[in-house]
Amino acid sequence: MAIDKNARYLESHEYAKPSGEYMVFGISDHAQAELGDVVFVELPSVGKTVTKGAIFGTIESVKAASDLYAPISGTVVEVNEAVKNDPSLVNKDCYGTGWLVKVAPSNPSEFQSLLDPAAYGKTIGEE
Amino acid sequence: MIYMEEEPTNTTALHDWHVSHGAKMAPFAGYDMPINYTTGAIEEHLITRRSVGLFDIDHMGQFEITGPGADEFVARMVTAKVSDLVPPMARYSLLLDEKGGIIDDLFVYRLPASWWIVVNASNRATDLAWFKAHAPSNVEVTDRSDDTYMIAVQGPRAIELLDKVANNPVSTIQRFCWGNIVIDGIPVLFGRTGYTGEDGGELFFPAEQALQLWEFLLRQGEWLGIETRPIGLAARDSLRFEAGMPLHGHEISIDINPIEAGFKWACDFEKEFVGKEALLDIIEKGISRKLVGIEVFSGVPREGYEVVSPEGSVIGRCVAGMFCPTIKKYAANAFIEPSFAKAGTNVSVIIRGQLRDAVVVKRPLYVPAYRR
C-alpha cells in the first residue's frame, strides 16, 4: 500500500499534508483499500472549524459507514467538490484528486505530533 | 448486504481460484465466498449490466423430487401454479409455513421425469427438512446440492457468449425455460433465469468440472472479445436489489408474509397450498406494513435504519439499502405503514442519528430485462 511521504497520519488512517500555508486532509491508501468502493462522503462546508481528533465528516463504502477524524485543528478553506460528486476518486487517487478538505491550521505544530510515514507504516504492518 | 458472522464451514470448488485472483473473501450462508475481486464491487456491477458477469453460486441448493405423487406434492408445497408446467418450463415460487411466513423463495423446474428445485444456501437444510417432513410415501426428495455445481452467466451479452460456446444455441430457449447443452465437453442443464435483472442463465453441471467450465467461459469471453468477468457477492446483491428481487432474510423471511412483501402474484389461490388459509385471512384483515422502495437524497440507507413520517413518527424500518451503481442513487427497501406506501410520499430516514430527506419510489428501480 502506498504511503505518501509528504503526509502525516492518524492511527485511524486520515492524513494531513502541507499545501502552502494550508493542510489537505484525506484518507490513506490502506484505508481506501480496506473500505472498498467509496460511495458517499459528507464533508464540512467552508468556514467551519475542525478539531484535532474530532469527527469532521463521514465516508461510506459499499460495505460500511465510517467517521472521519481531523488530524489537526483549523478552519476549512476549501472542500473537494469533485470527490463529493464522484466519491470513487478516493479509491482511485487518495493522495491526489481524492483529497477531502483543505484547512487553515490553527496550531501548525500539531502536524509534528502526527505519525510520520514510517511510524504509520508500522501501524498497518508495513515497514 | 449483511454477511453472516459465524465462521464458514464450507468452501466451493472455486475457492482457491477466487483467492488466487485477489478476491476479498467473507463468510456467507456458511460458505467462504468472494465478496468482490480486485475489479471492485461497483465496476463488477456495471460489467454485468453492460456485458457478461460470471457468478460462483455453488452455495445454492438443489433438490430433486420424484415419485408417483410428486406432481401433487410439489403443487401443494409451493405457492405458484405448477400444474401447467411442462418441460422445459420453470417458475419462481415461494415456500410458506402454515402461518404464511416465507420459509424461502425458490425456482421450480419441470424436468421430464422429476421436479428440480433450486433453493437459497442459507435455507437449504431447513427447506430440505420441510419438504421431507411433508412428503408422502410415494414421493422422494433428494438433496442434489453436493454433486451439482451452479454458475450464473448474466448480462446483455451472456446469451451471445453461450451461443458461441455451446453445442446447441441457448438463444432458442425461452425465458424461464431450460435446455440441455454441452460446453467444452461438459453436460450442462441451462436455465434461462437469473438474479441480476439481466438476460442470461444459470448453469447446473457435475461439481468436479467447476474449474474447467469457469476458466473456459472466461477464456472464451476474452477470445471472442466479449468482456466476461468474475463477479462477487457484493455486486450480486446490488444487481438483485436494483432489479427488485428479494433476498431471504431481508425483503422476505419467516416473519414476513407474501402480501406484505408484494408477492401475492406468486401465489395461486385457485389451488391448495401450505399457508393459503393464513394468507386468505391476512388479505381479509389487511396488512399493517408494506414493502416499499425509498430513495434517499444524501447518505446511504442501510438495513435496520428507521423510516420516519413528515410528522416525525417512526413508520417503519429498512431491510436493505445501498448505493445503486446503475441508477446512481441511494436507495432502501423498507417495510412501512401502508398509508405512507404510495410512490411520491415524502418521508425521512434516520442515518447515523440524523434525519435525511427521502421519498417513496416505485419498485423496481431498474426494470429487469425479461420485463422490457
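A: Gly191(B) stands opposite Glu202(B), a residue of strand 12 of chain B. Strand 12 of chain B pairs here with strand 11 (residues 186-191) of chain B, in the antiparallel sense and over 3 bridges; strands (E, at least two residues) and helices (H or I, at least four) are DSSP runs numbered from the N terminus, and two strands pair if DSSP finds at least two bridges between them. This is a predicted model, in which local features need pLDDT of at least 70 and side-chain atom pairs count only at pLDDT 80 or more, while totals for chains, interfaces and linings use all residues. Residues are numbered from 1 along each chain as its sequence is written, and chains are lettered from A and ligands numbered from 1 in the order in which they are written.

Strand 12 of chain B is also joined to strand 9 (residues 148-154) of chain B, by 7 bridges and again antiparallel. In that pairing Tyr149(B) stands opposite Phe205(B) of strand 12. Strand 12 (residues 200-206) of chain B is largely enclosed by the rest of the structure, because 6 of its 7 residues are buried. Buried means that 20 or more other C-beta atoms, placed from the backbone, lie within 10 Å of the residue's own; 12 or fewer makes a residue exposed, and a count in between partly exposed.

The largest nonpolar core has 147 residues, and Val108(B), Ile151(B), Val153(B) and Ile294(B) have the most contacts inside it. Strand 16 (residues 314-324) of chain B gives this core its largest share, 7 residues. Such a core is a set of buried Ala, Val, Leu, Ile, Met, Phe, Trp, Tyr and Cys residues joined through C-beta atoms within 7 Å. Beyond its neighbours within four places in sequence, Ile294(B) is in contact with residues including Val307(B), Ala331(B), Val349(B) and Val361(B); contact requires C-beta atoms, placed from the backbone, within 7 Å.

Ala331(B) belongs to strand 17 (residues 329-336) of chain B. Ala331(B) counts as buried because 24 other C-beta atoms lie within 10 Å. Not counting residues up to four places away in sequence, Ala331(B) touches Gly293(B), Ile294(B), Glu295(B), Val296(B), Gly321(B), Cys324(B) and Leu365(B). From Ala331(B) to Phe28(B) there are 303 residues in sequence and 23 Å in space, C-alpha to C-alpha.

Chain B is divided into domain 1 (15-60 + 146-242), domain 2 (61-113 + 126-132) and domain 3 (288-363), with bounds from an automatic or database domain assignment. The contact between domain 1 and domain 2 of chain B takes 9 residues from domain 1 and 8 residues from domain 2. On the domain 1 side, 5 of these residues are nonpolar, 4 polar and none charged. Here Ala, Val, Leu, Ile, Met, Phe, Trp, Tyr, Cys and Pro count as nonpolar, Asp, Glu, Lys and Arg as charged, and the others, Gly among them, as polar.

Chain A has 4 helices and 9 strands. Of its 127 residues, 43% are buried. The contact between the chains takes 8 residues from chain A and 10 residues from chain B. Strand 4 (38-42) and strand 6 (55-61) of chain A each supply at least two residues of the chain A side. That side has 4 nonpolar, 2 polar and 2 charged residues.

Methods. Two residues are in contact if their C-beta atoms, placed from the backbone, lie within 7 Å.
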